[in-house]
Amino acid sequence: HFKISLTLKQQFEMKKWLIPVIIIAVIIFGLYSWGKGFNNTAVNLKETATRSWGDVESSYQRRNDLIGNLVKTVQGAADFEKSTLKEVIEARAKATSTTIDGSNLTPENMAQFQEAQNGLSGALSKLLLVVERYPELKANQNFLELQSQLEGTENRINISRNRFNEAVEPYNKHIKIFPNSLFAGLFNFEQMNYYKADAGSEKAPDVDFNFK
């Protein structure tokens, strides 16, 4: 009887020891599952935003290509202002060379990218104003076709920028809300930057394609 009682007591002591172990194991498993779910969702949201940024750059690259063709057409006009053309060519070269890897969208990199693109928009606006003095260019079918394509590309740029910002928003919310914010630092998920308008401006420089 004594031996049986001792065995039961030992079993009871063993069960007491197992209880905290089981509790700790459940907590660890819960944290693992929670962390895994947070990480996978954050990865998917960030990938979507990064892919959207690729669409932004693709739209701007299309505009750069069209402007290159536009410059070639304008160069064929007699006595066209060389200084205006030079400004567009240099601005286009800067805009084309200024790119950002989707994984490195820092405020500084995005500011440089936007500055380069806006510089090209300004140079293009000046070129189109000068074209007003060249009737043969305004009637050139190739020039008119490029002008129409540029209009459409400006719309595509605005759409792609808006979609990028829309993709960034759920990612930023996901990593900032509590308690997800605890895992964000642990897994090195940082807030992504929105594509913002210039200070004091609601939009990029306007490019007027409507000749009179």
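# A helical protein model

Glutamate 81 is partly exposed, with a relative accessible area of 28%. Buried means under 20% relative accessible area, exposed means over 50%, and partly exposed lies in between (1.4 Å probe, protein chains only).

This is a predicted model, in which local features need pLDDT of at least 70 and side-chain atom pairs count only at pLDDT 80 or more, while totals for chains, interfaces and linings use all residues. Residues are numbered from 1 along each chain as its sequence is written, and side-chain values use heavy atoms, with hydrogens and water left out.

## The overall build

The protein has 6 helices and 0 strands. From the N terminus on, its elements run α-α-α-α-α-α. Helices (H or I, at least four residues) and strands (E, at least two) are DSSP runs, numbered from the N terminus.

How much of the protein counts as buried? Of its 212 residues, 34% do. The protein exposes about 13300 Å², and carbon and sulfur atoms supply 56% of that area. Accessible areas come from the Shrake-Rupley method with a 1.4 Å probe; for residues, only the protein chains shown count as cover.

Next come the contacts, meaning heavy atoms within 4.5 Å. Take those in the protein with a separation of 6 or more: residues 24 or more positions apart account for 81% of them.

## Salt bridges

A salt bridge is a side-chain nitrogen of Lys or Arg within 4 Å of a carboxyl oxygen of Asp or Glu. By this rule the count comes to 5.

One of them joins the side chains of glutamate 154 and arginine 63, at 3.1 Å from N to O. This pair links distant parts of the chain. Glutamate 154 is in helix α5 (residues 141–176), arginine 63 is in helix α1 (residues 2–75), and they stand 91 residues apart. Are these two residues buried or exposed? Glutamate 154 counts as buried at 16% relative accessibility. Arginine 63 counts as buried too, at 1%.

Another salt bridge joins the side chains of glutamate 81 and arginine 133, at 2.0 Å from N to O. Glutamate 81 lies in the loop between α1 and α2 (82–97), and arginine 133 lies in the loop between α3 (107–131) and α4 (135–138), so the pair ties together parts that are 52 residues apart in sequence.

Lysine 173 also forms a salt bridge, with glutamate 169 as its partner and 3.2 Å between the closest N and O atoms. Both residues are in helix α5, 4 residues apart, so about one helical turn separates them.

## Nonpolar cores

A nonpolar core is a set of buried Ala, Val, Leu, Ile, Met, Phe, Trp, Tyr and Cys residues joined through side-chain atoms within 4.5 Å. The largest one has 23 residues. Which residues have the most contacts inside this core? They are Leu70, Phe80, Leu127 and Leu137. Helices α1, α2, α3 and α5 each supply at least two residues of the core. Helix α3 gives the most, with 7 residues.

Look at phenylalanine 80. Leaving aside its neighbours within four places in sequence, phenylalanine 80 is in contact with Val74, Leu85, Leu127, Val130, Val131, Tyr134 and Leu137. Apart from this core lies another, of 21 residues, among them Tyr60, Phe164, Ala184 and Tyr195.

Serine 160 is found in helix α5. Beyond its neighbours within four places in sequence, serine 160 is in contact with Asp55, Val56 and Ser59.

Tyrosine 171 is in helix α5 as well. How far is tyrosine 171 from asparagine 44 in sequence and in space? They are 127 residues apart in sequence and 8.7 Å apart in space, C-alpha to C-alpha. With neighbours within four places in sequence left aside, the contacts of tyrosine 171 are Ala42, Leu45, Lys46, Phe189, Glu190, Gln191 and Met192.

## A surface patch

Ile23, Ile27, Leu31 and Trp34 form a nonpolar patch on the surface. Together they have about 370 Å² of accessible area. Patches are made of residues with over 30% relative accessible area and no salt bridge: like charges are joined within 9 Å, nonpolar side chains (Val, Leu, Ile, Met, Phe, Trp, Tyr) within 5 Å. Tryptophan 34 lies in helix α1.

## Exposure of selected residues

| Residue | Class | Relative accessible area |
|---|---|---|
| Arginine 133 | exposed | 53% |
| Glutamate 169 | partly exposed | 34% |
| Tryptophan 34 | partly exposed | 35% |
| Serine 160 | buried | 7% |
| Tyrosine 171 | buried | 0% |
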